[in-house]
Amino acid sequence: MRAGRDALGGDGPVTPPVWPGQELEGGPREECGIFGVYGPGEDVARITFFGLFALQHRGQESAGIATADGSRVAMYKAMGLVSQVFDEDHLHRLGPAHIAVGHTRYSTMGSSTVANAQPICCTSVVGDIAVAHNGNLVNAHVLREKLLKDGVRLESTNDSEVIAVMLARAMDRGLEGALCHVLPQLHGAYSLLIMTRDRLIAARDPYGIRPLCVGHLGTESYIVSSESCALNVVGGTYSEDVEPGEAVIFGEGEPRVLQIQPKKRHALCVFEFIYFARPDSKFFAKTVYEARRRMGAELAAEAPTKGAEIVIPIPDSAMPAALGYAEASRIRFGEGLVKNRYIQRTFINPDDRMRHQGARMKFSPLRETIEGRSIVMVDDSIVRGTTTGKIVRMLREAGAREVHVRITSPPVKFPCFYGIDMADRKELVAASKSIEEIRELIGATSLAYLSLQGVIRAIKRPASVFCSACFDGRYPIRIPRKVKISKMMLEACAQATEIPAEVEETEA
């Protein structure tokens, strides 16, 4: 692919909003997954459906697919899981086509409504275009205000529509001209899939904060995905990552690579390795599963647990780390919690009594494993602390004599402005409490976190290629000083306020 380098529909029905189930989640909220296919002769809508199915862990609020056949763009999107949104009839109506882009969403900017679901489709001088976006722009409010002053009517309250409209308005410059004009104006994190009637474009911000990779499907077809695990699911093979600042154009012949902006530095979100990505995905040619297993081993070295009898994970993301901790500490590994893998998202709201059950709706303790024993409970992160406390109480009620909590990431002290739903520092328990205070809050016998150095050792890549701002407050992309960036910033017209001093304009 690098040989080609250059110098440079309708919406689905409005369904009731899903129950977020936030009290069931202990870690940071997910982001989004994007998937695209350029495949002449392929059933691209069906391939994209299964690609999104593999990326479902990245977002469960809405899903959508847009397709193009060379003359028209068709689209369907709705609220819910991928399997809830699409059926055979929907996929049939999206074809035949040879290009598709898909999106599965967790809202990180804008509320959870069908208007904010993606892809976003806009009309341009070259016909309809569709855009799918993973990430957050820190200057979305500025760009949106410019569009409104120009008389543009916007249908949603997310930054993804801003990107789509800007690209559509710039298409009179030609495709490459539009990319070169619009992408440098976007400040923040973005991995994009852009589809015209006859082209698929993949683009990534100059820091590469959100992942994006390219794979082959046969000899003439290409796949682009947030994670490599989705390539395997549809029978594709990994080729390479879209590099920071690049746009890759897929059409007839070999893909062409445009270096739209100079690569600043690679700053992939380190939480991809810790929590977000599926364990069978790879970044920097490193398997996420093995990195998490080494994090557990590093944690055992940094925070041993004398006298513990069994190591249990919080399923599923902490499973590899718990195995690594058990192996390194020579403490028996066991499953102490059974996860209800079907709770995820539902259109049925729980009543107050069930809502207060919280973690019990998602996890059930195995009393035979934990009763009377000293337990090491391994998890990937503590963000708000509420769910961790509920699980510790559940284990104690099931008979655990001691519950030692071990976390395979450092304390999350700073908000994320780049596409993870934790942009309010008041929600972060480690921002205001010491480790001992958090231990008391969650009711653990002991509490220890893996150091950032331990995380980096486990991944086996230099710290300089990651964004770790949620741990150390060093933001690779400047955050506007006078803007309160929040999930609902484009919905609320409240007067802008200063952001906390800890997240002032910085650049590592």
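Analyst: Happy to! Let's start with burial: a residue counts as buried when its relative accessible area is under 20%, and as exposed when that area is over 50%. This is a predicted model, and in it Arg210 and Glu272 are both buried.

User: How far apart are the closest N and O atoms of Arg210 and Glu272?

Analyst: They are 3.9 Å apart, and a salt bridge requires a nitrogen within 4 Å of a carboxyl oxygen, so Arg210 and Glu272 form one. Arg210 lies in the loop between β9 and β10 while Glu272 is in helix α8, so this pair ties together parts 62 residues apart in sequence.

User: Which other residue meets Glu272 in a salt bridge?

Analyst: That is Arg58, at 2.9 Å from N to O. Arg58 sits in the loop between α1 and β3, 214 residues away from Glu272. Salt bridges with shared partners join Arg58, Arg210, Glu227 and Glu272 into one network.

User: Now sheets, please. What is the strand order in the open sheet of four strands?

Analyst: The general idea is that strands pair through backbone hydrogen bonds, either parallel or antiparallel. Here the order is β18-β21-β22-β23, with parallel pairing. β18 and β23 are the edges: each has a single partner strand, so one side of each lacks a neighbour in the sheet. The average twist from one strand to the next is 20 degrees.

User: Which strands does helix α10 lie across?

Analyst: Helix α10 lies across β18, β21 and β22, and runs at about 165 degrees to β18. Helix α13 also packs on the sheet, touching β18, β21 and β22.

Definitions and conventions: Residues numbered from 1 in each chain as written. Predicted model: local features only at pLDDT ≥ 70, side-chain atom pairs only at ≥ 80, totals over all residues. Heavy atoms only, no water. Pairing = 2+ DSSP bridges. Helix = DSSP H or I, 4+ residues; strand = E, 2+ residues; numbered from the N terminus. Axes fitted to C-alpha atoms, helices over the stretch in contact; angles between N-to-C directions. Contact = heavy atoms within 4.5 Å. Salt bridge = Lys/Arg side-chain N within 4 Å of Asp/Glu carboxyl O. Buried < 20%, exposed > 50% of the residue type's maximum accessible area, 1.4 Å probe, protein only.
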